[in-house]
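This report is for a reader new to the structure. Please look at the sequence and the model first.

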Amino acid sequence: MSAASCLMTEDQFLCSICLDVFTDPVTTPCGHNFCKTCITKHWDKNDKCQCPDCKEFFNTRPEVKVNTFISEMAAQFRQSAQQKASSSSSEQQVSKPGEVPCDVCTGTKLKALKSSEKQAEDFIKELEQEISELKKRSSEMEQLSKSEDHLHLLQSSPSLNAAPTTKNWTGVSVRPPSYEGTVVRAVNQLEETLSKQMKKLLEAELKRVQQYAVDVTLDPDTAYPKLILSDDGKQVKHGDVKKKFPDNPERFDTGACVLAKQSFSSGRFYYEVQVKEKTDWTLGVARESINRKGEITLNPQNGYWTICLRNKNEYKACARPAVNLSLKSRPEKVGVFVDYEDGLVSFYDVDAAALIYSFTGCCFTQKLYPFFSPEPNQGGKNFAPLIISPVNHTE
């Protein structure tokens, strides 16, 4: 091979992914070359198609074909390198006039390897910063877990309620491949530790608020005429027949709503409601002076602090504007906790011991009533009742 062709190999005949001579080289739309297998595997394990060299994104995966010219040149280079390697008997071999020693090409690989190592070092530095942040968060949680006062723990420490931002290391590709595995394992282990500690804190928080459980029963004088209440006042569902009841000022005349008999104007209280098998529901608390006639808009400005389920899997906090909630599982029992003086209304997935949502910084000046809406039965699809359940204190 001539000196000119060997110099070309430094930039054009080594795949930047595997750091070896091209095998079935293909060219991306941005003009960079890779082994067909290398770039295919790289795109298969990433959500987005991106050039590993220039980082250009492609909206759709490019249809790449083997570059026959580079393929032939790479084959010639490989053949020449093999011939030189087999004919070399010592490090003192002398090149013939017009030829460049194969050490130049070997140097190219070393150069590429050093570049890869530099990239790996940068990734490791970035990872170390993330690990430092995760360890700091872990230390804070460990201290809080030993505290005797878990009440409002997550609300008073909002930074702990959200997982720290970490890079998606699954898309990182570094040679040698051991770097990638180390990075992913380290981050996954730390995130698993944080997840376990968060679960312990939430379980402790739920156990603490359950100590403020109160006995709640439904008030038939406030119930929308199509609602069906159980005799013990613990269940409510939506029927098709609008019954004739006195249109007293306390009764809802349009919204499928009902309040509890009990009201609270100080302290803390907690109750649980079974929402199993329902496709729609709304729960929370409402102040005494709410409008109960005509169309009702649920938000704190109108005196309602509630969350709801719509269309079987759409959870929202009824704020202004509404807040979409992303839950890991469908709650079958919801716990509602209120601290009147602290201006706090929190909702829990009881079985998962998970915080669903909190209204914080509320200003309560009137009596608060537990609020329930089983929502329309939708032809029987949502006929299951809301059930006020006895609180079983977690161990």
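The text below covers the sheet, the salt bridges and the cysteines.

This is a predicted model, in which local features need pLDDT of at least 70 and side-chain atom pairs count only at pLDDT 80 or more, while totals for chains, interfaces and linings use all residues. Residues are numbered from 1 along each chain as its sequence is written, and side-chain values use heavy atoms, without hydrogens and water.

Strands here are DSSP runs of E with at least two residues, and helices are runs of H or I with at least four, both numbered from the N terminus. Two strands pair if DSSP finds at least two bridges between them. Strands E6 (residues 235-238) and E17 (residues 386-389) are joined by 2 bridges; Val236 has Leu386 as its bridge partner in E17.

The whole structure holds 7 salt bridges, each a side-chain nitrogen of Lys or Arg within 4 Å of a carboxyl oxygen of Asp or Glu. Among them are these:

| Pair | N to O distance |
|---|---|
| Lys234 and Asp215 | 2.6 Å |
| Arg268 and Asp339 | 2.9 Å |
| Arg310 and Glu375 | 3.2 Å |

Buried means under 20% relative accessible area, exposed over 50% and partly exposed in between (1.4 Å probe, protein chains only). Lys234 is buried at 18%, whereas Asp215 is exposed at 55%. Arg268 is partly exposed at 34%, and Asp339 is buried at 4%.

With a disulfide taken as two cysteine sulfur atoms within 2.5 Å, the count is 0. The sulfur of Cys363 lies 8.9 Å from the closest cysteine sulfur, in Cys362, so the two are too far apart for a bond.
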